[in-house]
Amino acid sequence: MHITLNEAEKRLCLFVARSRNAAAREVAPEDALRASAQDPIFVDYEGAMGELAFSKQLGVYPKEIFEIYHRSSLDGEDPGDLTFNGLVIDVKTTVHKNGRLVSMRKNPAINMFVLLTGQDGEYDIAGGMWSSDLYLPSRYGMPPNFRKKCYSARQDELLDSRQVMESISF
């Protein structure tokens, strides 16, 4: 499934990314060292666009995207990226066509992860995984090209886009 954001949606996501980054640095400057070596604004920008793209695909208003504050999953303050049919979904975005689904730490609020691949407003749903399947000890480690340990899954381990949509639609 392919999703395209328009120019206004991309500008909105840039504002969200800058706001999120500033809020996070105020609260936790040590988080500046991320798992990825990419620019933090770029990572936040692509993340916000992925969240908006998936919300757009589902036809839901993405209110969580616009809640700009530092959300700590360790403190139980991260409610995920969107709620759909009572399920809390965390949308992960990567520019790497064969990129992994990655979660830095367990978040008990999340039911499912969805991975989007793409860049600059053009995304494909690569797949998804239930949090109970991602948060296994065997999935925790250091993926290639990462700087921190995390939970990860390769795309061939994910539910495909059709299975994701069937799993979350009742």
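## Aromatic pairs

A search of the whole structure, a predicted model, finds three aromatic pairs. Rings of Phe, Tyr and Trp (its six-membered ring) pair if their centres lie within 6.5 Å; planes under 30 degrees apart count as stacked, over 60 as edge-to-face and the rest as tilted.

## Phe 113 and Tyr 135

The ring centres of Phe 113 and Tyr 135 are 5.7 Å apart. Their planes meet at 90°, so this pair is edge-to-face. The pair links distant parts of the chain, 22 residues apart. Phe 113 sits in strand 5 (residues 112-119). Tyr 135 sits in the loop between helix 3 (131-134) and strand 7 (140-141). Helices (H or I, at least four residues) and strands (E, at least two) are DSSP runs, numbered from the N terminus.

Phe 113 is buried, at 0% relative accessible area. Tyr 135 is buried too, at 13%. Buried means under 20% relative accessible area, exposed over 50%, partly exposed in between (1.4 Å probe, protein chains only).

## Tyr 135 and Tyr 151

Tyr 135 also pairs edge-to-face with Tyr 151: 5.2 Å between centres, 75° between planes. Tyr 151 lies in strand 8 (residues 150-153), so the pair ties together parts 16 residues apart in sequence. Tyr 151 is buried, with a relative accessible area of 11%.

## One cluster

Which residues form one aromatic cluster? They are Phe 113, Tyr 135, Tyr 140 and Tyr 151.

## About the values

Residues are numbered from 1 along each chain as its sequence is written, and side-chain values use heavy atoms, leaving out hydrogens and water. In this predicted model, local features need pLDDT of at least 70 and side-chain atom pairs count only at pLDDT 80 or more, while totals for chains, interfaces and linings use all residues.
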